[in-house]
Amino acid sequence: MQGPGEINPRILNECSESIAEPLKILLTKSLEEGKLPPKCKKAHVTPIFKAGNRKNAENYRPIIVTSICCRTIEKLIRDEIVNHLEHNQIISKNQHGFRKGYSCATQLLTCIEEWTNAIDQGHDVDVIYFDFKAAFDKVPQKRLL
């Protein structure tokens, strides 16, 4: 999906060798100054229908698309952070989100296995679920920030 940079991904791919060094300089300067370039702060917001009445705005969730270059930089930074956490064994083995080879399905399978083992050993199992999907919709955004 093309973001506000309005650069076609194919063009970026074909020019990758020529733009790699300028992007590296931009990323390095951005990290050193602790600031994002103004264009990285721009995004396209697209409403995606969830369920219910299509005329009700609450039945849509916003998808925010930033420029491809900024998404690439974000992915590189995220990957470095996760690699550091995993390499230094800082991240919990119970963390399934944002990790390669882990997902909601692997988290669920792990939980079911632990619950089944506990029940097999004669222990009681109580589970409490929290649904945060709309929690932040009800908090004033300025107060949350």
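Reader: Where does V125 lie, in a helix or in a loop?

Author: Helices here are DSSP runs (H or I, at least four residues), numbered from the N terminus. V125 lies in the loop between α4 (104-120) and α5 (141-144). By the way, this is a predicted model, in which local features need pLDDT of at least 70, side-chain atom pairs count only at pLDDT 80 or more, and totals for chains, interfaces and linings use all residues. Residues are numbered from 1 along each chain as its sequence is written, and side-chain values use heavy atoms, with hydrogens and water left out.

Reader: Is V82 buried or exposed, and what about Q89?

Author: Check the relative accessible area: buried means under 20%, exposed over 50%, and partly exposed in between (1.4 Å probe, protein chains only). V82, found in helix α3, has 12% relative accessibility, so V82 counts as buried. Q89 sits in the loop between α3 (68-87) and α4, and Q89 counts as exposed because its relative accessibility is 73%. V125 is partly exposed, at 31%.

Reader: Which residue has a positive phi just after α4?

Author: That's G122, with a phi of about 85°. Q89 also takes a positive phi, near 50°, in a residue other than glycine.

Reader: How many residues does α4 have, and what distance does it reach?

Author: The expected span of a helix is 1.5 Å times one less than its number of residues. α4 has 17 residues and reaches 24 Å from its first C-alpha to its last, close to the 24 Å expected.

Terms used. Helices (H or I, at least four residues) and strands (E, at least two) are DSSP runs, numbered from the N terminus.
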